[in-house]
Amino acid sequence: MKIDANAIASRAQAARQSLSSCDFCARHCAVNRLAGDTGFCGLDAQTRCFREMLHDAEEAPLNPSHQIYFSGCNLRCEFCSVLEWVEQPQAAAALDVSQLLQAIALRRSQGAKTLNLLGGEPALSVHGILALLARVDPDTQVVWNSNMYYSELCAQWLDGVVDIFLADLKCANPRCSERLLGATDYCD
């Protein structure tokens, strides 16, 4: 069962406050993103979005899917398809909530069944994403399209907000994860 907009907004506020000692992902960098510091992901406190589009090549029940891409990632996959937004996440435009709400309404009118949040890794922008979702129509089916390498705290913020967790698992072997992703504990 989904929680209401006020509860989502409250979680967004808590997540934003947590940026002072960032613990959004499994790397637990603890940098002060509010002060402009960046950890492994390369992000400060600003949520950045580099692409939004209507996509028809997800799993069949999700299509058409309105995909919104957030910059920054906590992995360094050798096969990354959005590497420029991982290596230079702050080059992406700052999230404009009003503009994105208009895009969400447009994509719904064009037939989008789902709102698909991905990146990079969306967990690194959970504070901004929650602020956005607090203003989205509560009937919107939200897909969290993630590498799943995020903290338990992030998982708690998403509970009752996200309808579908779409795990974009990269590998299942610690040696491979170290070599291909730059994360020895990815499989754990």
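Leaving aside neighbours within four places in sequence, which residues is leucine 117 in contact with? I looked this up and found Ile68, Phe70, Pro122, Ile129, Leu133, Val142, Val143, Trp144 and Asn145, where contact means heavy atoms within 4.5 Å.

**Ground rules.** This is a predicted model, so I kept local features to pLDDT of at least 70 and side-chain atom pairs to pLDDT 80 or more, while totals for chains, interfaces and linings use all residues. Residues are numbered from 1 along each chain as its sequence is written, and side-chain values use heavy atoms, with hydrogens and water left out.

Buried here is under 20% relative accessible area, exposed is over 50%, and partly exposed is in between, with a 1.4 Å probe and protein chains only. This core has 34 residues, and Ile68, Leu117, Val126, Leu130, Leu133 and Trp144 touch the most other members. Two or more residues each come from α1 (5-18), β2 (65-70), α3 (97-109), β4 (114-119), α4 (126-133), β5 (141-146) and α5 (152-158). Helices (H or I, at least four residues) and strands (E, at least two) are DSSP runs, numbered from the N terminus. The largest share, 5 residues, is from α4. Apart from this core I found another of 16 residues, including Cys77, Cys171, Leu180 and Ala183.

**Cysteines.** I searched the whole structure for disulfides (cysteine sulfur atoms within 2.5 Å) and got 0. For cysteine 176, the nearest cysteine sulfur belongs to cysteine 171, 5.7 Å away. Cysteine 176 is partly exposed, because its relative accessibility is 26%.

**Rings.** My search for aromatic pairs gave 4. Rings of Phe, Tyr and Trp (its six-membered ring) pair if their centres lie within 6.5 Å; planes under 30 degrees apart are stacked, over 60 edge-to-face, and the rest tilted. Phenylalanine 50 and tryptophan 85 are stacked, because their centres are 4.9 Å apart and their planes at 15°. The former sits in β1 (residues 48-55) and the latter in α2 (residues 83-87), so the pair ties together parts 35 residues apart in sequence. Ring pairs also link Phe50, Tyr69 and Trp85 into a cluster. Tyrosine 149 and tyrosine 186 are tilted, at 5.7 Å between centres and 55° between planes, and both are buried.

Notes: A nonpolar core is a set of buried Ala, Val, Leu, Ile, Met, Phe, Trp, Tyr and Cys residues joined through side-chain atoms within 4.5 Å.
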